[in-house]
Every structure is written in structure tokens, then in C-alpha cells.
Amino acid sequence: MEDQENKKQHKGGRNPKKDPSIHRYVFRLTDQENAKFLSLFEASGLDNKARFITSVLFEKQIKTVKVDMAAMDYYMRLTTLYGQFRSVGVNYNQIVKILYRNFSEKKAAAYLFRLEKQTIELAQLCHAITQLTAEFELKHLKKEEK
């Protein structure tokens with residue numbers, strides 16, 4: 001019987017926290033203040049408003065992640081264009097081999113001359129794309145230094 005009395009009866013439930021949050025504060029916001037608060041909360045990326053408020057109050061660093069969909073779209077299109085340029089280079093080598101294998105030297109040289117003109121235009125287009133990309137990065141993607 002003594003063994004049963006010495007054992008503490010387990011009540012179940014969650015284990016108590018070492019440092020529970022027991023202090024509560026209430027404040028009220030106007031419609032404008034609430035809209036600003038909600039926009040800051042959404043920009044922070046946190047999932048709990050109480051944690052967001054305590055991080056702001058105690059000046060913890062708040063992460064804000066902004067995704068620019070236009071920049072993302074531009075980057076994706078540029079990546080696909082780069083892939084197409086690579087495939088053009090592979091096709092270029094294959095065409096040169098086929099020209100020399102299937103045509104006479106004179107005819108192959110004539111076709112290569114046309115191909116070289118197109119390649120020069122493609123190189124100029126690539127240079128223009130590179131300039132546009134650099135300009136886009138300067139205007140839209142560079143972080144502002146404070």
C-alpha cells in the first residue's frame with residue numbers, strides 16, 4: 001500500500017513549460033493602423049502574430065521576402081532562350097558535317113556563307129540580350145544599400 005501512495009498519480013496532458021508566457025497585453029488599432037499592421041505581418045513571413053509583435057517590440061531582426069514575379073518571369077524566359085542558343089550551337093556543328101558529307105565543296109561553302117551571316121545576326125541578338133539583361137539587373141534586381 002505504501003508503494004501506491006508514494007507513486008504520484010499521472011494526470012495526463014501536456015508537460016508544463018519551463019518559462020510559460022503568462023503576461024498579456026491588449027491594445028486597439030484604427031482601421032488604417034490595422035491595415036498597416038497586417039501588411040507588415042504578411043511581409044514578415046511569420047505565421048504567428050504574437051511572435052511578430054514580440055519580435056518588433058524587442059527589435060529582433062525581421063525577415064521580409066519580396067518575390068518580384070516580373071523578374072522571375074524574365075529570368076525563366078532568359079533561361080529558356082539560353083537553352084535554345086545551346087541547341088543552335090549543337091545543330092550548327094551537325095549542319096556543317098552534313099554539308100561537307102552530302103554536297104560538293106563549292107556548294108557546301110556557299111551554304112556555309114549563308115549560315116555564317118545568320119550566325120552573325122544571332123551573335124548581335126545575343127549581345128543585345130546581354131545588354132538588356134544588365135540594364136534590367138541594374139534597375140530592378142540590385143538591392144538598395146542603406
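Me: Where is Val67 placed?
Reply: Val67 is in the loop between helix H3 (49-57) and helix H4 (69-102). Helices are DSSP runs of H or I with at least four residues, numbered from the N terminus. This is a predicted model, in which local features need pLDDT of at least 70, side-chain atom pairs count only at pLDDT 80 or more, and totals for chains, interfaces and linings use all residues. Residues are numbered from 1 along each chain as its sequence is written, and side-chain values use heavy atoms, with hydrogens and water left out.

Me: Is Val67 buried or exposed?
Reply: Val67 counts as exposed because its relative accessibility is 54%. Buried means under 20% relative accessible area, exposed over 50%, and partly exposed in between (1.4 Å probe, protein chains only).

Me: New topic: how many aromatic pairs are there?
Reply: The structure holds 4 aromatic pairs. Rings of Phe, Tyr and Trp (its six-membered ring) pair if their centres lie within 6.5 Å; planes under 30 degrees apart count as stacked, over 60 as edge-to-face and the rest as tilted. One of the pairs is Phe37 and Phe52, which is tilted, at 5.6 Å centre to centre and 55° between the planes.

Me: Which helices hold Phe37 and Phe52?
Reply: Phe37 lies in helix H2 (residues 31-44) and Phe52 in helix H3, so the pair ties together parts that are 15 residues apart in sequence. Phe52 counts as buried because its relative accessibility is 4%.

Me: And what about Phe41 and Phe52?
Reply: Their ring centres are 5.7 Å apart and their planes are at 70°, so the pair is edge-to-face. Ring pairs link Phe37, Phe41 and Phe52 into a cluster.

Notes:
Helices (H or I, at least four residues) and strands (E, at least two) are DSSP runs, numbered from the N terminus.
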